[in-house]
Amino acid sequence: MFVSSLKRVAPQLLILAIMIGINVIVFPGFLSIEFQNGRLFGNLVDVLNRGAPTALLAIGMTLVIATRGIDLSVGAVIAIAGAVAAKVVVDGHGWHLALLAALSAGIICGIWNGILVAFLRIQPIVATLVLMVAGRGIAQLITEGTILTFLDPGLIQLGAGTIAGIPTPILIWLGLGIVVTAIVRRTALGMLIEAIGINERSSRLAGINSGVLLVLVYLVSGFCAAMAGVIVAADIKGADANNAGLWLELDAILAVVIGGNSLLGGRFSIVASLLGALIIQSVNTVILLSGMPPEFNLVIKALIIIAILVIQSPRVKHMLYLLRASSEPLNREKPATSIEEGRA
Amino acid sequence: MTSNSVEPVLRATGISKFFPGAIALDEVDINLHPGEVHALLGENGAGKSTLIKCLTGVYRRDGGSIFLAGEEINPRDTLHSQSLGIGTVYQEVNLLANLTVAENLFLGRQPTRFGLIDHKRMRRETDEILLGYGLEIDSSQLLSTYSVAVQQVVAIARAVELSGKVLILDEPTASLDRDEVNLLFAVIRELKARGLAIVFITHFLDQVFEISDRATIMRNGRVIETCRIADVTQTDVITMMLGRQLEAVTRERVHGTAGDVLVEFKGYGKRTVIEPFDLEIREGEVVGLAGLLGSGRTETSNLAFGAMAADQGEVRLRGEQVRIGNPREAIALKFALCPEDRKTDGIVGDLSVRENIILALQARSGWLRTLKRAQVQQLAEHYVRALDIRLASLDMPIRLLSGGNQQKVLLARWLATEPDFLILDEPTRGIDVGAHAEIISLIEELRKRGMALLVASSEMEELVAYSTRVVVLRERKQIGELHGAEITADNIVRAIAAEEEAA
Amino acid sequence: MIRSTNLPLFITLMTFVLAYALCASQYPAMLSGRVAANLLTDNAFLGITAVGMTFVILSGGIDLSVGSVIAFTGVFLAVVLRDTGIHPVTAFALVLLITIAFGAAMGSIIHYLEMPPFIVTLAGMFLARGAAYVLSTDSVPITHEFYDVLQGLYWKMPGGGRFRLIGAVMLLTFIVAMIVAHRTRFGKNVYALGGGAGTAQLMGVPMARTTIGIYAVSGGLAGLAGIVFSLYTSAGYSLATVGVELDAIAAVVIGGTLLTGGSGTIAGTFFGILIMGLIQTYIVFDGTLSSWWTKIVIGALLFAFIVLQKGLGWATTARTIPATRFAERS
């Protein structure tokens with residue numbers, strides 16, 4: 001069980017190790033971690049901390065993509081959740097209520113997306129586009145167009161504080177990652193989600209309630225995005241409806257894809273997606289630390305994506321397979337294929 | 001009208017095609033004559049569509065030659081064969097519903113003026129062409145605004161315009177009603193008069209006898225017979241299609257007393273899919289569903305399981321009225337269905353064998369009540385042993401198994417739910433001889449244990465082997481029922497073919 | 001009777017007319033030529049982008065890179081005109097060449113590597129934006145006498161509005177695009193692709209040429225939009241036009257084009273752009289309403305049109321004309 005899980009994430013671990021290696025080369029002090037003023041400091045800690053929003057989004061996005069869907073609205077949900085949290089504390093309520101309100105807002109957004117996809121049968125990319133467009137407007141409506149700043153220490157603690165010396169965002173994404181992974185893997189939920197993504201027809205004929213499960217995965221995605229939104233807002237002590245979470249939906253999708261999860265749904269690994277999020281963050285760090293102008297960040301990121309995608313594309317995979325097959329001895333046994341597969 | 005003295009326009013000899021582990025076509029010969037409708041007959045898997053795909057270049061054939069108008073041809077793909085003169089029209093109209101009728105007819109070769117498409121001329125020419133088929137419609141409307149029959153004629157018109165020598169019609173009438181079929185036949189007669197060679201593939205024998213001049217009957221990748229339609233009867237054709245090589249084997253009479261009525265369908269049906277039927281299935285009874293492809297076997301199975309919702313009639317389970325609106329409701333009532341198309345409706349390809357086995361049971365108990373790992377393992381191992389499923393590991397994806405083993409895994413999936421009423425649609429399709437026999441004896445064993453079974457099959461011998469009763473379907477209607485000693489392959493064939501008596 | 005093809009276009013048109021009437025009844029000044037002229041000028045770059053997007057969406061694809069390509073074009077022009085002695089016209093040609101090649105490259109990857117357009121153009125979005133950053137992270141002003149000449153070209157409309165060159169470029173783009181979409185084989189192939197790639201291939205549509213052509217058109221039009229945008233702002237800024245791809249997609253959908261491809265019109269997109277411009281103008285006129293209402297209203301319209309299309313889809317599958325109108329055989 002453990003060995004097979006390790007094998008699944010081996011490529012991601014390898015890429016991450018390479019990225020950290022490059023980081024060490026350009027900045028030898030990269031791996032050093034210090035404990036000062038009751039807080040851990042170090043570049044490695046920064047990677048884990050800065051990567052928190054993408055990592056959180058990647059958790060929900062992994063589940064959505066496993067069902068053959070996609071959630072474009074998470075960036076906008078970040079803005080909404082941040083705005084809601086800020087609004088609640090500015091109005092004089094405690095941070096508990098703010099967190100609760102923000103998460104509820106995320107869940108409502110998720111349910112909206114889920115209903116469009118599961119019951120109105122609108123393509124996921126189209127369905128979530130609606131909220132992607134309107135979401136920032138809603139967030140601005142809540143903040144009334146300003147950057148809504150706040151000073152509530154409890155809320156700030158969620159984004160900029162520490163618990164036992166460890167930055168809170170790290171604990172949040174690790175915790176949520178572990179909880180969601182445990183739920184989907186310890187129960188049959190993960191398998192049922194995969195079944196829907198692989199073959200929805202067969203799944204429905206086997207009695208799986210695909211409608212409810214679809215709503216559930218978009219709900220989780222909305223929840224994760226709301227959590228990320230609270231962290232992003234707490235980090236800058238304010239809700240910026242225009243820029244909070246901008247383009248993060250794309251980073252999240254990328255993290256899932258780098259995590260080796262197919263955009264066509266099916267088998268998924270949340271751990272691999274989280275590693276994907278860390279890979280993206282360490283790419284950002286290496287560009288920063290190398291003293292390369294930050295403007296190269298996007299170009300390099302784009303080239304890495306293209307490289308990873310090309311390797312993953314069905315055409316190239318097939319060519320690689322043929323290459324390997326032709327270099328092997330000819331008398332190898334053919335893989336078992338049924339007659340139907342040959343005829344289809 | 002038909003004359004064999006005329007040189008055939010298309011001559012194919014020794015066409016062979018192999019798939020991994022199977023021979024799909026074995027040295028098939030076929031000759032098509034101009035001005036003749038040639039029916040291609042056979043049950044599913046007989047090799048009809050493989051032959052067509054070899055002729056039109058969709059598949060690369062492994063042996064044999066094709067001559068068109070005396071010259072040897074090697075079509076690379078559909079487009080190439082079309083340009084050579086062989087046009088094909090499929091049951092699912094291969095046209096674009098989002099374009100207008102005229103655009104569909106002229107896509108890729110639109111008349112232009114000053115480099116721009118001349119819509120007026122295109123419409124005028126379309127109207128002229130369609131009028132030649134007796135069709136008078138507004139060709140500037142979207143294709144999707146017209147019925148399938150009209151779309152079918154437009155597809156034929158396009159194929160004829162582009163090809164003009166051979167026209168292959170693959171199940172063109174499958175989704176048409178009687179009036180529409182008549183209109184389509186008028187078009188076919190017109191084309192015949194123009195001298196086209198037409199291949200007509202269908203499962204409706206009445207239609208074959210109505211429109212065809214000759215027929216080639218295939219079974220198991222071989223040509224059984226090519227004959228003039230005027231020289232044979234429907235019974236002859238069905239016998240040739242189904243084959244009865246096992247006839248000598250005497251049947252062990254299935255006795256055993258059937259128990260109480262378990263499920264009862266009354267006036268159950270769905271418009272345009274299957275006519276309302278009455279059907280009751282007792283505990284410890286196997287009811288066979290016989291009929292040719294397209295007769296409503298699969299539709300009956302799907303309706304009984306809620307895979308398709310009925311729009312009339314009622315169901316009673318042990319005398320109490322129940323509702324089966326979707327598979328989940330059926331599963332909750334301890335119904336189960338092994339579907340005909342394993343690949344699209346049955347297996348979840350990338351999931352492991354173990355997961356495929358427990359899928360329905362897990363879905364029924366809900367994800368909150370997850371089956372214990374030990375229980376899952378025990379269930380999976382039990383069924384692998386009981387059904388003799390051959391596999392390297394329970395962790396391997398089910399799509400890597402052979403057809404027979406996939407079928408057994410699906411049976412295991414449903415047996416794990418301990419159903420009271422098990423529906424099997426073509427349980428032995430596409431599986432090897434060994435697994436075939438095992439599944440038949442399994443059905444018998446399940447019956448003995450008191451389960452109620454409904455089994456749809458195209459294999460007469462098989463139905464004879466396990467059925468306590470056989471319900472015969474024809475053209476989406478139940479037309480008869482055979483009991484006890486009446487159940488023989490001969491009688492079933494006769495019942496299916498029974499033209500006048502049944503009507 | 002309105003044909004089912006034109007029904008979404010008709011609804012878009014009615015939406016626009018109604019909205020304009022509503023606006024005008026509240027603020028009669030909105031009927032002025034000035035407002036009309038500004039509507040065309042202010043939305044020129046978005047309109048041109050949306051034309052390219054219409055082709056992409058009609059074919060069943062999507063192009064997320066257009067906003068970044070516009071920004072890249074602007075920065076490229078600004079930097080080239082600042083650092084070299086190249087004449088703007090040459091620079092225009094150069095940048096169009098680059099953006100067309102960029103689009104064609106994305107189209108090639110989509111076709112030959114069989115990758116989803118969404119992901120490929122997402123990578124393209126990063127790449128183009130990154131290239132813009134690399135050229136310059138600051139806003140670079142464009143000062144060239146030829147730019148002044150182009151910006152000075154306008155036609156004085158009755159009522160005091162100035163119908164500027166870039167508005168005319170947009171109108172011209174729309175007219176050419178309408179001809180291409182409805183009167184050329186390429187245009188019909190685009191519709192065919194959107195109707196079903198498999199069927200289109202069976203019917204002989206050249207897949208590679210069409211797919212690559214579609215994304216090249218979208219890239220090239222984004223480049224043209226970038227030129228127009230640089231004329232509009234007299235500067236190139238790598239952070240400009242973030243999210244324009246979303247506005248373009250919204251305009252296309254509000255214009256009655258099916259997001260899943262195969263059905264829609266260029267003219268619809270034109271009215272989609274006008275509706276979006278109108279919302280903004282109304283908010284400016286109102287003065288008390290805040291700008292975020294634009295996004296919310298556009299989101300709501302988007303939703304309404306998606307649901308409407310879905311409903312129309314169901315309605316047309318439910319109702320077909322049977323084959324009873326066969327003529328008698330003579």
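**Entry 1. Chain C**

I began with the contacts of chain C: of those with a separation of 6 or more, 80% are accounted for by residues 24 or more positions apart. I note here that the model under study is a predicted one. I then listed the secondary structure of chain C and found 14 helices and 4 strands. For its 330 residues the globule rule gives 20 Å, and the radius of gyration of chain C is close to that at 21 Å, so the chain is as compact as a globular protein of that length. I recorded the span of its C-alpha trace along the principal axes as about 75 × 55 × 35 Å. I also looked up burial in chain C, where 55% of the 330 residues are buried.

**Entry 2. Chain A**

I marked one stretch for caution: over residues 328-344 of chain A the pLDDT stays under 50. For that stretch the model has 24 contacts beyond four places in sequence.

I counted 16 helices and 6 strands in chain A.

**Entry 3. The domains of chain A**

I looked up how chain A is divided and found domain 1 at 24-292 and domain 2 at 295-329. The centres of these two domains of chain A, taken over C-alpha atoms, are separated by 27 Å. In their contact I counted 7 residues from domain 1 and 8 residues from domain 2 of chain A. I then asked which elements give two or more residues to the side of domain 1 of chain A that touches domain 2. They are α12 (248-258) and α13 (270-289) of chain A.

**Entry 4. Where chain C meets chain A**

I examined the contact between these chains, which takes 35 residues from chain C and 32 residues from chain A. On the side of chain C, at least two residues each are supplied by α6 (117-135), α12 (244-254) and α14 (292-318) of that chain. I noted that α14(C) provides the largest share of this side, with 12 residues.

**Entry 5. The domains of chain B**

I next consulted the domain assignment of chain B. It gives domain 1 (10-98 + 142-242), domain 2 (255-334 + 420-503) and domain 3 (347-418). I found the C-alpha centres of domain 2 and domain 3 of chain B to lie 25 Å apart. In the contact of these two domains of chain B, 10 residues of domain 2 meet 9 residues of domain 3. On the domain 2 side, α10 (327-332) and α15 (433-448) of chain B are the elements that give two or more residues. The largest share of that side, 3 residues, comes from α15(B).

**Entry 6. A sheet in chain B**

I traced an open sheet of 6 strands in chain B, in the order β18-β19-β20-β15-β21-β22, with mixed pairing. Its edge strands are β18 (335-338) and β22 (477-483) of chain B, each of which pairs on one side only. On average, neighbouring strands of this sheet are turned by 20° against each other, direction ignored.

I looked in detail at one pair. Strand β21 (residues 469-474) of chain B is joined to β22(B) by 6 bridges, and the two run antiparallel. I asked which residue in β22(B) is the bridge partner of Val472(B). The partner is Gly480(B).

I also followed helix α9 (residues 297-305) of chain B. It lies across β15 (285-290), β18, β19 (421-425), β20 (452-456) and β21 of chain B, and runs at about 145° to β20(B).

**Entry 7. Gly306 of chain B**

Is Gly306(B) buried or exposed? I recorded Gly306(B) as buried, because 22 C-beta neighbours lie inside 10 Å and the cut-off for burial is 20 or more. Leaving aside neighbours within four places in sequence, I found Gly306(B) in contact with residues including Ile324(B), Pro327(B) and Ala330(B). The C-alpha atoms of Gly306(B) and Arg323(B) are separated by 8.9 Å, with the two residues 17 apart along the chain.

Terms used: Residues numbered from 1 in each chain as written. Chains lettered and ligands numbered in written order. Predicted model: local features only at pLDDT ≥ 70, side-chain atom pairs only at ≥ 80, totals over all residues. Pairing = 2+ DSSP bridges. Axes fitted to C-alpha atoms, helices over the stretch in contact; angles between N-to-C directions. pLDDT = per-residue confidence, 0-100. Domains from an automatic or database assignment. Rg over C-alpha atoms; globule rule 2.2 N^0.38 Å. Buried ≥ 20, exposed ≤ 12 C-beta atoms within 10 Å, placed from the backbone.
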